[in-house]
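Let's walk through a few features of this chain together, one question at a time. Have a look at the model first.

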Amino acid sequence: MSCCGPGANYSEIDEVSRFVSARLAAFLETLRDSGFPVGLAEGRDAASLMGAGYAARPGLLRSAFKHLFSSRRSDWEKFDGLFDAFWLGKRVRSRSIATGSAKAANNPSLKSLPSNSTAPRRGDESALDQIPSADEAPGERDGEGRMEGASRADNLAEVDFRNMADPAQIEQAHLAAARLARIMRTRLTRRDLARRRGYRLDLRRTIHGNISHGGVPIRLVRRRRKETPLRLVVLLDASGSMSMYTGVFLRFIHGVLDQFRQAEAFLFHTRLAYVSDAMKEKDAARALDRLSIMAQGAGGGTKIGESLQTFNRWHAARVIHSRTCVMIVSDGYETGDAALLGREMAALARRCRRIVWLNPMMAWQGYAPEAAGIKAALPHVDLYAPANTLNSLTALEPYLMKL
Amino acid sequence: MKDRNEIAQALAASGYIADTELATAISMMQLLKRPLLLEGEAGVGKTEVAKALAAVHATELIRLQCYEGLDQSAALYEWNYQRQLLSIQAHRGDDADAVEDRIFSEKYLLERPLLAAIRRDRPPVLLIDEVDRADDEFEAFLLELLSDFQVSIPELGTISAITIPHVVLTSNGTRELSDALRRRCLYHYVDYPDADREARIIMARIEGAGASLSLQIARMVEGIRKEELRKVPGVAETLDWAAALVGIDVRDLHDAPETVHETMMCLLKTHEDKSRVTREVTDRLLGKVA
């Protein structure tokens, strides 16, 4: 992947000097480090652009490269800074690296992140606990029998997540959450298939299928309706007050993203972060590691309203369609403006099919939705349910199937 | 290679006021023979770019509007089955090979936009509009077409491009496009124009809009875009509004604040936005417009 650009291109770009080629290769490397999808073809085109006279003025070259190398709005916006820093020597403190972008996963400098991140997490064990590896949790390896696994899960099913302290127990809860996500996926898909039915004639297939009848259409082929599969969008509250639950829910979301064809995930505390890309990491432990960094930005309370506003403004159009269920996992302790939360919930309700609000605190004794935030939000919520045990998560499944 | 200033001038002559970056992108499109992907909010004039480009090259604009469920038979080609059936019935008793040769010939082939675009003598502008609305499968197919510019029709064989069209894709961001497609294309983010450029757009498009009125309108719209609205007005809305104001003979916005507020319906398209921009808000915005 590294040092691919100019080596192969010398013959094509005689007029571009060796020195410029080397600089260009280094620039491509910088872009790759920043998460730009830059391949061989882009390198070649960049060289030919320089040969074609675009290098005459820095402004022109910057604009040309910007079009060539950017491929989304975030790239577009940070490109000028990168270009100036590299070619014009304007100093930036460090290379800006796109955290959370899919490409960044291949990036060696990011791979080293988990080891850096373990240090600050030591202190807080219950929350975003790293999953112990197999040798740390012997109970995971032995006793592969299905029944045994299931019965163990049954015992766990009623334990409140916040009361799980021992790492092995947490690990099991995580596995159960992942399994739950998988089960939900299969059922939902099956239902999807059963609902298909033909609604108009497919001439191409009809004629092809009736060649043996001399072209007389005896057996008709109908077109099937293509159903948009259910899309699940999860907004997870990662604030301090939720810290006892975030770990399990992150694992659940990881399972959901892995299993559903269409699912998106966001984290919020005082601001909103798009985490689907980070969560699509196959290895759950690694995904959680990447996320724990984002989640730890918490501290100053929860601004659900503002986070929803960001969501509605910048993400909703892309991630929500007519068969979308939005799942908000939060305790509803809003430290921002409760009226804003109400308004944004109304806007969200207009867009999507269903809003499910999972509140882990709901099952606590004596809990009533008194907080201003949750009061403002509840009128727009279709299902308000507790989610403090695995069983309560499972109980949601029939509801999701009805969407 | 056309210089980017020439391109900007040519675009302006055809009624599209481009910024220099877009002109650069278009000159690169010709040089590198890559498609251009335009992203941006609805109503910033993405589709207009393709129209203006066709005017600049004095060539045909072939448009493929994408939608969910768009498939090859609507985008690429389709056999004219009704005619084929008719032909089979009419020439009953012919030799089977002869029938086959006849009904699978060009005469019975219906050209759809993508096939049409590669079979013109003069390279047309191919506009693939709102590509994010099409399905993933279609996107993959498009990717193949855009790199090879050839189409294989099982009954006829492979049809190679006579000319390579100028391809413009637009996306509204309703769905995330694949990295492969993005990488294949040059990327340009179309933002709302600044007040000066919008004023020039109004002057170019609306007959009878003077320089000072155009600038006032553009500044006003710029202010409205900064309000917290559900549906931010695009350039098309600005033009509507300008046309309305010119139509009722408003020369200066300050002379007719009443009319300004009433005609604001050209810009505000939801009930919520309409009730948010009250008369006071209008007056406040008007106050900022010099």
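Buried means under 20% relative accessible area, exposed over 50%, and partly exposed in between, with a 1.4 Å probe and protein chains only. This is a predicted model, where local features need pLDDT of at least 70, side-chain atom pairs count only at pLDDT 80 or more, and totals for chains, interfaces and linings use all residues. Residues are numbered from 1 along each chain as its sequence is written, and side-chain values use heavy atoms, leaving out hydrogens and water.

Q: Is Met242(A) buried or exposed?
A: Met242(A) sits in the loop between β3 (231-237) and α11 (243-259) of chain A; helices (H or I, at least four residues) and strands (E, at least two) are DSSP runs, numbered from the N terminus. Contact means heavy atoms within 4.5 Å, and, not counting residues up to four places away in sequence, Met242(A) touches Asp237(A), Val329(A), Ser330(A), Asp331(A) and Pro360(A). Because its relative accessibility is 0%, Met242(A) counts as buried.

Q: How far apart are the end C-alpha atoms of helix α15 (residues 338-351) of chain A?
A: The expected span of a helix is 1.5 Å times one less than its number of residues. With 14 residues, α15 of chain A should therefore span 20 Å, and the distance between its end C-alpha atoms agrees: 20 Å.

Q: What covers the buried residues of α15(A)?
A: Those buried residues include Leu340(A), Leu341(A), Met345(A) and Leu348(A). Their cover includes, from chain A, α14 (304-319), β6 (324-329), β7 (354-359) and α16 (372-377).

Key:
Chains lettered and ligands numbered in written order.
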